Every structure is written in structure tokens, then in C-alpha cells.
Amino acid sequence: MIKFIIERVSIMNDIGLLNLIQKLHLGELIDDECLATFLEQQECYFLLSKMPSQKNRIISYLIVNQMRIISQYEECRSLFEELNNFPYAIIKGAVLSKQIYPSVAYRMSRDIDILISPRNLKEIGIILKQHGFIQGQVIDNTIKPYSREKNIFQKIYTHQLASYVKKTDNIYSPFINVDVNCSIVWGEASWCMNMDSFLENTESFEVFGIKIRKLKTNFEFIALCMHHYKDLNSLYLLSERGIKLSLFYDIKLYVTKKYIDVKELKFICDKLCISEYITFCLYHTNIIFPSDIIEHYLEFFCPNDYSYILNRIGLDENEYKYMVGGVSSWVFDNEFKNKLNSILTEYDKKKIEINKKYREA
């Protein structure tokens, strides 16, 4: 049992909701309208489907979502074939869903995320344009190209190019979004990772009969946790979306469904200097979805060594905030955004406004 314990915020309604979710996950038949509404808001459709009264409620969504994802991959078949000339990996999305959920439809996947080396940015951009993609956003059923400022902002501050969009004739997916990522580290980080070396760890994978490349298990789990750590620590994303239960559930299912050599995983994380971020994700996932498997992981990752990060949010030292209990204690608090706003500095608010300006431009 892990010795380090963070004081939890004990709001009775929150604890009651948490208990219902834990029981639902373990297979207990539960019907509760408040729980159903919460799970739908959190996009936890697999948990929602475990509630007997909700199956018919989401069946149409699941059918449409699966058809949408299938059409996206079909439309990108030739793109994936050409990408094989470069080191790359499809991350998150349908590739992740297929491995940990009964169906890809249970997890919301709005974009296709491609991880590449920074040195191939120009070539990948040319290929995407040759396949009909434009850097822009959909407004009134039309793709509006992004401004030069937007493209520069995305590249410098997010390690991700502004989204590429393609219009199709498919009713399920009239537009396809492709996000090109050139790092698994957030833009605020003062360090970078060698993506050429990281992308040496890929393997072939099939989605709906279409061959793509994905990261090998240890590296896929690392990429998943690093992405989720960013979403759980970005003040902009937290102020816009709050804390998403689905992020913890992805991690819980991954360690349950996939075999990971934990000793090897810890060795890789230490070498990459990212063990603290993986520990953060494992620790808070175990608070919400406690399991012997995650406890076993934590014995290797030693939360006591990283106590300074566990109740902290923020992506750089200029914006760190400390919350009693950390993010897992605030998932069920409807007042989280208001409480977060009350502790933001003028620097934080200005940064959030800049993010809004360029992300919505």
C-alpha cells in the first residue's frame, strides 16, 4: 500500500457520486439519473452503457460515432500509405479505443492525431495539402484558412501544427480534422524530447482493415499519460473544460487491458526524465479507480519521491497552483471552474486570453 496520502476534499455528494462510479465500473447494476447525466457530460460512454436504463439512450450515438470514425480512416487510407515513408505514429483516437474499449465508438474521437519528428514537419505539411487538407477551421460549412499568426502561435507554443481540415462527401464525416504533433511535451516545457529516437518504437496496426503505425505499448502508455497530464494541468484547458473523468478512465483501462513490463517502463521514464508526470497520472487514477494493478505500478514509481507534484496544477513554475487533494479530489466539484478562477493571477488570465484568441481565430 502506498504510504503517501494527500488530504481529500470530502464533499458528501461528491463522495456519493464517486462511489456509484466505482461500483458501476466493477459491474454493479446501477440506475441513477444524476450519474447518467454526469457520465454523458464527461463523455464516459462506456461507463454510461453499463447502466441498464441508458443503453437505448446512447445506441444511436454509438452507431453514428462508429460510422464517422470508419469514414475518417477510409478517407485517409492513401494518406497513411504515403506517411509510411516517414517515422510516424497515430496516437489516441481510434487506435487507443480499439485496444481498451469493446468498440471504438465508446470513446469520443474528434480528430486523427499524428505524431512525427520536427524535422519532417515541412514534408508532412506538403503531403497533407496534396491530399486535400487545409490548415483552417470549419465555419458555416466552409473551411476558413488560419491566419499566419495562428499558425506561428500553434507551432511555437503547443508543439503542434494548427489543425488540418479536409472536406468530404461523406454524410457521417463531412469534415476530417488531422492534428500533427511534433512532441509529446507541452509548449511551456523548458526541455524537449528527441522524437526521432522516440519514434523508433513503433509497430504496424490495423484499424478497420487499414494499416497504420502506432507506438509500442510502453511508449504508447507514456504518450497517453503525457497528453493527459497536459490536459489536467493546462490552466487554459482546465478553465475551459474542467477536469475530465474520461482521462483517468483511459489510463485505468489501458493498464488493465494491456500488459506492461513495469520495471522496463520505469527505466524508460527515468531515462526520458518524465517519471514524475507518469506518477501523477497513475496516482490520481488510483484515487478514482483504485486497483491492485495500479498499486503495483506505484510501487515502482514511488509517489513519495514526487509528493511535490501530486497536488499541483500548472505547466510551468510561473503558473503552479496547489489544490488540496489534487485534481482527483475536484473531478466531481461543480464549482471547480469558479474556484480555479479565484486563484488565477493576472499573468494566468492574460495567458488564458491569448490562448483563446489564437485557438479560436
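Tutor: What follows is a set of questions about words and the values behind them. This is a predicted model, in which local features need pLDDT of at least 70 and side-chain atom pairs count only at pLDDT 80 or more, while totals for chains, interfaces and linings use all residues. Residues are numbered from 1 along each chain as its sequence is written, and side-chain values use heavy atoms, with hydrogens and water left out.

Student: Why is Ser 117 called buried?

Tutor: Buried means under 20% relative accessible area, exposed means over 50%, and partly exposed is in between (1.4 Å probe, protein chains only). Ser 117 has a relative accessible area of 1%, so Ser 117 is buried.

Student: Where does Ser 117 lie, and what is it in contact with?

Tutor: Ser 117 lies in the loop between β2 (112–116) and α7 (121–130). Helices (H or I, at least four residues) and strands (E, at least two) are DSSP runs, numbered from the N terminus. Contact means heavy atoms within 4.5 Å. Leaving aside neighbours within four places in sequence, Ser 117 is in contact with Pro 87, Met 195, Asp 196 and Leu 199.

Student: What makes Glu 203 count as buried, partly exposed or exposed?

Tutor: Its relative accessibility is 30%, so Glu 203 counts as partly exposed. Glu 203 lies in strand β7 (residues 202–207). Not counting residues up to four places away in sequence, Glu 203 touches Ile 212, Arg 213, Lys 214, Leu 215 and Lys 216.

Student: What is said of phi in Lys 92 and Glu 43?

Tutor: Lys 92 has a positive phi of about 60° although it is not a glycine. Phi of Glu 43 is near 60°, again a positive value in a residue other than glycine. Lys 92 is placed in the loop between β1 (88–91) and α6, and Glu 43 is in the loop between α2 (33–41) and α3 (45–49).

Student: Why do Lys 92 and Glu 43 get the accessibility labels they have?

Tutor: The relative accessible area of Lys 92 is 17%, so Lys 92 is buried. For Glu 43 the value is 23%, so Glu 43 is partly exposed.

Student: How many disulfides does the structure hold?

Tutor: The structure holds zero disulfides. A disulfide is a pair of cysteine sulfur atoms within 2.5 Å. Cys 34 is in no disulfide, as the nearest cysteine sulfur, that of Cys 44, is 16 Å away.

Student: What are the accessibility labels of Cys 34 and Cys 192?

Tutor: Cys 34 has 62% relative accessibility, so Cys 34 counts as exposed. Cys 192 has a relative accessible area of 68%, so Cys 192 is exposed.

Student: Why are α13 and α15 called oblique?

Tutor: Two packed helices are described by the angle between their axes and the distance between the axes. Axes are lines fitted to C-alpha atoms, for helices over the stretch in contact, and angles run from 0 to 180 degrees between N-to-C directions. Angles under 35 degrees count as roughly parallel, over 145 as roughly antiparallel, 65 to 115 as roughly perpendicular and the rest as oblique. Helix α13 (residues 262–272) and helix α15 (residues 292–301) pack at about 45°, with their axes 10 Å apart. α13 and α15 are therefore oblique to each other.

Student: What is the label for α6 and α12?

Tutor: Helix α6 (residues 93–100) packs with helix α12 (residues 245–257) at an angle of about 55°, and their axes are 9 Å apart. α6 and α12 are therefore oblique to each other. In this contact, Leu 96, Gln 99 and Ile 100 of α6 meet Asp 250, Leu 253, Tyr 254 and Lys 257 of α12.

Student: What makes α12 and α14 roughly perpendicular?

Tutor: α12 and helix α14 (residues 275–288) pack at about 100°, with axes 9 Å apart. α12 and α14 are therefore roughly perpendicular to each other. The contact is made by Leu 245, Phe 248, Ile 251 and Lys 252 of α12 and Cys 281, His 284, Thr 285 and Ile 288 of α14.
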